[in-house]
Amino acid sequence: MLGLTTAAFFVAYGAGLGLVARGLSRASTWSRGPTVFAQLIQLLVAYSFWGGATKAVSIALAVASVGVLICIFQKVSTEALADNPTKDHPVL
């Protein structure tokens, strides 16, 4: 039963990340917050994998997460995802 609920949680989480990615591709203002939140969770997961045989996984997760955070906080991304009522099309 625990395996089924865990699998259901990760399927739902993956579907949510898919919706957030779709929002980012359309430069929707709501997608920035969930993106940052997901990357912070990924940093915590990377920290939990640190040590032993999973050190490479930890480094890969951390590098990917920091890369996304750097990209999401760049000026171009911030302007594209800003709540601007005069913006009629995505900047990206």
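Student: With 5% relative accessibility, does Thr 35 count as buried or exposed?

Tutor: Thr 35 counts as buried, because its relative accessibility is 5%. The general idea is a scale: buried means under 20% relative accessible area, exposed means over 50%, and partly exposed lies in between, with a 1.4 Å probe and protein chains only. Before we go on, please note that this is a predicted model, in which local features need pLDDT of at least 70 and side-chain atom pairs count only at pLDDT 80 or more, while totals for chains, interfaces and linings use all residues. Residues are numbered from 1 along each chain as its sequence is written, and side-chain values use heavy atoms, with hydrogens and water left out.

Student: Where does Thr 35 lie, and which residues is it in contact with?

Tutor: Helices are DSSP runs of H or I with at least four residues, strands are runs of E with at least two, and both are numbered from the N terminus. Thr 35 lies in helix 2, residues 32–48. Contact means heavy atoms within 4.5 Å. Apart from neighbours within four places in sequence, Thr 35 is in contact with Val 20, Leu 24, Val 68 and Ile 72.

Student: How many helices and strands does the protein have?

Tutor: There are 4 helices and 0 strands, and the pattern along the sequence reads α-α-α-α.

Student: What is the pLDDT of the protein on average?

Tutor: pLDDT is the predictor's confidence in each residue, from 0 to 100. Where it is low, the predicted coordinates should not be read in detail. Here the average is 90, and 91% of the residues score at least 70. Confidence is highest in helix 3, at 96, and lowest in helix 4 (residues 75–80), at a mean of 87.

Student: Let's look inside helix 3. Is Ser 58 buried or exposed?

Tutor: Ser 58 has a relative accessible area of 3%, so it is buried. Its place is in helix 3, residues 55–72. Not counting residues up to four places away in sequence, Ser 58 touches Ala 46, Tyr 47, Phe 49 and Trp 50. Val 63 is also found in helix 3, but Val 63 counts as exposed because its relative accessibility is 57%.

Student: Which residues make up the largest nonpolar core?

Tutor: A nonpolar core is a set of buried Ala, Val, Leu, Ile, Met, Phe, Trp, Tyr and Cys residues joined through side-chain atoms within 4.5 Å. The largest one has 5 residues: Ala 27, Val 36, Leu 69, Ile 72 and Leu 81. Ile 72 touches Leu 24, Arg 32, Thr 35, Val 36, Ser 77, Thr 78 and Leu 81, leaving out residues up to four places away in sequence.

Student: What can you tell me about Ala 27?

Tutor: Ala 27 sits in the loop between helix 1 and helix 2. It counts as buried because its relative accessibility is 6%. Ala 27 also has a positive phi of about 60 degrees, although it is not a glycine.

Student: How many aromatic pairs are there?

Tutor: A pair of aromatic rings is described by the distance of the centres and the angle of the planes. Rings of Phe, Tyr and Trp (its six-membered ring) pair if their centres lie within 6.5 Å; planes under 30 degrees apart count as stacked, over 60 as edge-to-face and the rest as tilted. The whole structure has 2 such pairs. Phe 9 and Phe 10 are edge-to-face, 5.1 Å centre to centre with 75 degrees between the planes. Phe 9 and Tyr 13 are stacked, 6.1 Å centre to centre with 10 degrees between the planes. Phe 9 and Tyr 13 both lie in helix 1 (residues 2–25), 4 residues apart, about one turn of the helix. Together, Phe 9, Phe 10 and Tyr 13 form one aromatic cluster. Phe 9 and Phe 10 are both exposed, whereas Tyr 13 counts as partly exposed because its relative accessibility is 30%.

Student: What radius of gyration does the protein have?

Tutor: The radius of gyration is taken over C-alpha atoms, and the globule rule is 2.2 Å times the number of residues to the power 0.38. A compact globule of 92 residues would come near 12 Å, but the protein has 16 Å. Its C-alpha atoms fill a box of roughly 50 × 30 × 15 Å along the principal axes. Buried residues make up 18% of the 92 residues.
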